[in-house]
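Here is a short tour of one protein chain, written to be read with the model open beside it.

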Amino acid sequence: MIGQGTVMDIAGSAELCLGGVMESWPPQCNGMPLKSWSWEGVEGWDSQGETRWGTYAVQGTFDGAELTVTQPPIMLALYDPMAADDPTGGRPGTASEAELSDMQERVAEVLGEAYLGSYPENGRLVVEVLWDDGTWQDAADADFGPDKLLIRSALQPLD
């Protein structure tokens, strides 16, 4: 798996933040725990007190709760992944404004800790989650109907 985000390390406890990061000094976020993280040989980080952070593409294995780092991280400023395929094929969604509002109110509660954020786009509610193997998308299609809600996974499998 690979995830792109902010690595936040507070007093030796590292996490990968795939959602929002508060712009305080030092920054703050809630992320998934990183196992086997090391700053040895890693460039592009800042620090303040016991907090060290930087933005990276991080590869590892995901057990549903934490990411175990298996490769050295790549600074996001140097990371250039291939664009993902558009699962909509460029077709607009079919959700009305009222449906978009209703779905947006419900998804955070249903998804719990997997939920990273959501926004309406081109007749669909785009929902960003930590990881989806297709299960969340299937459930969304069953609950709301096809072409109304699009699940985007922050963690991506490596080819």
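## Overall picture

Of the 159 residues in the protein chain, 36% count as buried, where buried means under 20% relative accessible area, exposed over 50% and partly exposed in between, with a 1.4 Å probe and protein chains only. This is a predicted model, in which local features need pLDDT of at least 70 and side-chain atom pairs count only at pLDDT 80 or more, while totals for chains, interfaces and linings use all residues. Residues are numbered from 1 along each chain as its sequence is written, and side-chain values use heavy atoms, with hydrogens and water left out.

The protein chain has two helices and 10 strands; these are DSSP runs numbered from the N terminus, helices being H or I of at least four residues and strands E of at least two. Their order from the N terminus is β-β-β-β-β-β-β-α-β-β-α-β. Along the principal axes, the C-alpha atoms fill a box of roughly 50 × 35 × 25 Å.

The largest nonpolar core has 16 residues, and V7, L16, L34, W37 and V58 have the most contacts inside it. Such a core is a set of buried Ala, Val, Leu, Ile, Met, Phe, Trp, Tyr and Cys residues joined through side-chain atoms within 4.5 Å. Strand 2 (13-17), strand 3, strand 5 and strand 6 (67-69) each supply at least two residues of this core. Apart from it lies another core, of 12 residues, including V107, V127, A140 and L149.

Not counting residues up to four places away in sequence, L34 touches V7, A14, E15, L16, V58, L67 and V69, a contact being heavy atoms within 4.5 Å. T6, in strand 1, is buried with a relative accessible area of 11%. Leaving aside neighbours within four places in sequence, T6 is in contact with E15, L16, C17, V21, W53, G54 and T55.

## Aromatic rings

The structure holds five aromatic pairs. Rings of Phe, Tyr and Trp (its six-membered ring) pair if their centres lie within 6.5 Å; planes under 30 degrees apart count as stacked, over 60 as edge-to-face and the rest as tilted. W39 and Y56 make an edge-to-face pair, at 6.1 Å centre to centre with 65° between the planes. W39 lies in the loop between strand 3 (32-35) and strand 4 (46-48) and Y56 in strand 5 (residues 51-62), so the pair ties together parts that are 17 residues apart in sequence. Both W39 and Y56 are buried.

Ring pairs link W37, W39, W45 and Y56 into a cluster. R52 lies over the face of W45, 4.2 Å from the ring centre; a charge sits over a ring if NZ of Lys or CZ of Arg is within 6 Å of the ring centre and within 35 degrees of the ring normal.

## Backbone details worth a look

Most residues other than glycine have a negative phi, and most peptide bonds are trans. A cis peptide bond joins W25 and P26, with omega about 0°, and P26 is found in the loop between strand 2 and strand 3.

S36 is not a glycine, and its phi is positive, near 65°. S36 sits in the loop between strand 3 and strand 4 and counts as exposed at 55% relative accessibility. N122, also not a glycine, has a positive phi of about 55°; its place is the loop between strand 8 (115-121) and strand 9.
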